[in-house]
Amino acid sequence: MMPGSGKIADEMTRDRKSVPPAGEVRKRDRELGMGRKISRRDFLNGIPVGVGALALPGASGWLLGACTPPGASGPYPPALTGLRGSHPGSFEVAHELRDRAARTGSWDDTGAADGGHFDLVVVGGGISGLSAAWFYRKAFPEARILVLDNHDDFGGHAKRNEFTHEGRTVLGYGGTQSLDSPSTFSAEVHGLLSDLGVDLDLFFTAFDRDLYRSHGLGSAVFFGSEDFGEDRLVNGMGRRPAAEFAAEAPLSEAGRADFVRLNEAPGDPWPELDEAGKKQRLATTSYEALLEALGMGAEMQALYRQRTHGLFGMGPDGVPALDLWGLGYPGFQDMGLTPGDHPSLSLTAKPNEDPDPYIFHFPDGNATIARLLARKLVPGAAAGSTQEDIVQARLDYGVLDRPDSPCRIRLNSTAVRVREGGDGAASVTYVQDGAATRVQAGHVVLACYNRVIPYLLPELPEEQREALAYPPKVPLVYSNVLIRNWTSFVALGASRIYFPGGFHASVSLDFPVSVGGYDFSSGPEDLIVLHTVRTPCLPGASARVQHAAGQHELLEMGFETFERETRNQLGRALGPGGFDPARDILGLTVNRWPHGYAFEFNSLWDPPFAPGEAPNEIGRKPFGRIHIANSDAAAYAYTQAAIDEAHRAVREILNGG
Ligand SMILES: Cc1cc2nc3c(=O)[nH]c(=O)nc-3n(C[C@H](O)[C@H](O)[C@H](O)COP(=O)(O)OP(=O)(O)OC[C@H]3O[C@@H](n4cnc5c(N)ncnc54)[C@H](O)[C@@H]3O)c2cc1C
């Protein structure tokens, strides 16, 4: 039994008890636009056409989003709507692998068909796997390379979402959002970006940093009636004087006083400790516990409950306070802390000053990096040659796996067995369309994720298997919602809304980026994509149990629940600004990532590991001709880590591994 599963069951029971009677649900669904039976003809590219044509009962509508845009010869994955990310069909074989391994130790691949020989086989077509293919290709230009991925699209977390409405295509990012702090990137990462033609100066003009400000928009908090007695949107937390913000918030007098004290003069809960001692204490104290130590009441705990979700996948109960000091959260002002080394193990604790603006964002996020890599690796995959023209280039999925291509990207293919032959070749067996095929490989790079590897390669030493199994991925869901216009946001003065208790922890207007002839929303009356973030977890449990519970939730939760909750949440928050979910929502793509961020060590639970002894360092050791990449190998959930680990894995090969 999974640790903590009793608690998970409790959570589910609580959920079920709070479900209103069926009649009420149906009435509310009609108001939200979910009630009308709708035929597939009503959908164009997975988007309902016509005002009010927004009913998506059960498995209809967006769930059937495998619609083919006009002129395409087959499914075009970026335009699929409904449940994406780890979409249905992508994970079942891997789960079967896990279950079979539990029964018999490994996948029996004796009957697999012969798939030929490649110089390099890469398992995992995310940014790490594609980068590994690129680094290898640079060293061996004639090499034959095969990249396998279990999804119907390449890129791993770096996924592109497209909506087409009345002939216009609007882009969004389904996972990996932006290049974060590029001035900290390694020479290898900058080298790869330069190989791809990425010039980061582009964003200083392409990203319109004034757009939302010029309309008077900023961040807001939606106080929900469940926690705060009434629904109210309040602008400017952290930007306005604390007393002014608190006066507008639906808080009690005590809650208002807490808010002001937390933000202005919280006090020092541990005056007896010196600075090093305080940092040590903060590394092993959750932010929730710090709020308690500062004497903050229940309203402050409720206000911060989901504040950390987007970055950590958990609430303040699971995040070391020291990490949040590094990120500028309130509560530390009177402790006399200065920037510098500290004992936190979490790599997300950054210095207070970020060296770069957060603007390095293509309209489809880092999917552009994956698409640039695919275009480089596979001749004819997309037209063009620049970072600008890739943005609107339509990728031809039909050429990704052509026999005459030196590099082939094979989608819908789940690796189930990897062997080190010991005779000059390794092998990888994968399952595609229910059939198993074995390919021989001069070298293998496993750029999937760590927890899969022990199932693929049970011959690994026990210590390495345990190290690879150590970290769960952090589950999260990025949904993109195409809406008719953003006048309601202007009416409310908000471009980003944080929901302390909402289904989605945040809802934001997309990043205003125009590149290569692709124009961002021209103004409040124009179409726009909303980006929402949900990170399911189990407050109160350890990080590992919280993430496992979140993964479980994502497996269970259907599209209909996402749709209903999204409509409901947007209606409640934006309704006072004139938003009508039944009229204004035009499309929805739910990118669920049960295996999302790479796990980063958390000083609340993980011990300090000596250099070379952290699970990711033990786990990434090569095994004969088999090498291990992926961001898990860095224990760092960033694109640059995925590239760095790819480079290291290929370097191992070049060094004679
Ligand atoms: C929602 C989200 C937002 C993020 N935002 C940012 C950001 O803004 N900036 C940033 O720098 N980083 C961000 N990250 C982290 C970043 O996405 C990752 O560090 C990086 O993209 C990981 O790339 P990867 O190739 O290592 O792994 P992945 O992207 O996970 O790719 C691995 C691929 O291997 C596949 N695979 C696994 N097992 C098998 C198998 N047996 N057979 C075949 N294929 C298999 C997986 O399904 C996946 O497609 C984000 C991550 C997520 C989930």
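**Reading contacts, cores and strands**

Biologist: Let me start with the side chain of Asp180, which makes a polar contact with the side chain of Ser181 at 2.9 Å. What counts as a polar contact?

Modeller: It's a pair of N or O atoms within 3.5 Å; within protein, one must be able to donate a hydrogen and the other to accept it, and residues adjacent in sequence count only if both atoms are side-chain atoms. This is a predicted model, so local features need pLDDT of at least 70 and side-chain atom pairs pLDDT 80 or more, while totals for chains, interfaces and linings use all residues. Residues are numbered from 1 along each chain as its sequence is written, and side-chain values use heavy atoms, without hydrogens and water.

Biologist: Where does Asp180 lie, and is Asp180 buried or exposed?

Modeller: Helices (H or I, at least four residues) and strands (E, at least two) are DSSP runs, numbered from the N terminus. Asp180 sits in the loop between strand E7 (168-173) and helix H5. Buried means under 20% relative accessible area, exposed over 50%, partly exposed in between (1.4 Å probe, protein chains only). With 10%, Asp180 is buried.

Biologist: On to salt bridges. How many are there?

Modeller: Take a side-chain nitrogen of Lys or Arg within 4 Å of a carboxyl oxygen of Asp or Glu, and the count comes to 35. In one of them, Asp195 meets Lys138, with the closest N and O atoms 2.8 Å apart. Asp195 belongs to H5 (residues 187-195) and Lys138 to helix H4, so this pair ties together parts 57 residues apart in sequence. Asp195 is partly exposed at 24%, and Lys138 is partly exposed too, at 49%.

Biologist: What about Arg213 and Asp210?

Modeller: Their side chains form a salt bridge at 2.7 Å, N to O. Arg213 is exposed at 59%, while Asp210, at 45%, is partly exposed. Elsewhere, shared partners link Arg160, Glu162, Asp364 and Arg371 into one salt-bridge network. Within it, Arg160 and Glu162 bring their closest N and O atoms to 2.8 Å, and both residues are buried.

Biologist: How do I read a nonpolar core, and which residues touch the most other members of the largest one?

Modeller: Think of buried Ala, Val, Leu, Ile, Met, Phe, Trp, Tyr and Cys residues joined through side-chain atoms within 4.5 Å. The largest core here has 74 residues, and Ile145, Phe154, Ile369, Leu400, Ile409 and Val445 touch the most other members. Helix H4 (residues 127-139) supplies the largest share, seven residues. A second, separate core has 35 residues, among them Val221, Met300, Met335 and Leu337.

Biologist: Which residues does Ile409 contact?

Modeller: Contact means heavy atoms within 4.5 Å. Setting aside neighbours within four places in sequence, Ile409 contacts Leu130, Val147, Phe154, Ala374, Val378, Leu400 and Asp401.

Biologist: Last one: which strands pair with E15?

Modeller: Strands pair if DSSP finds at least two bridges between them. E15 runs parallel to strand E8 (residues 218-223) over four bridges, with Gly218 opposite Ala494 of E15. With strand E16 (residues 506-509), the pairing is antiparallel over three bridges, and Tyr498 has Ser506 of E16 as its bridge partner. In E15 (residues 494-498), four of the five residues are buried, so the strand is largely enclosed by the rest of the structure.
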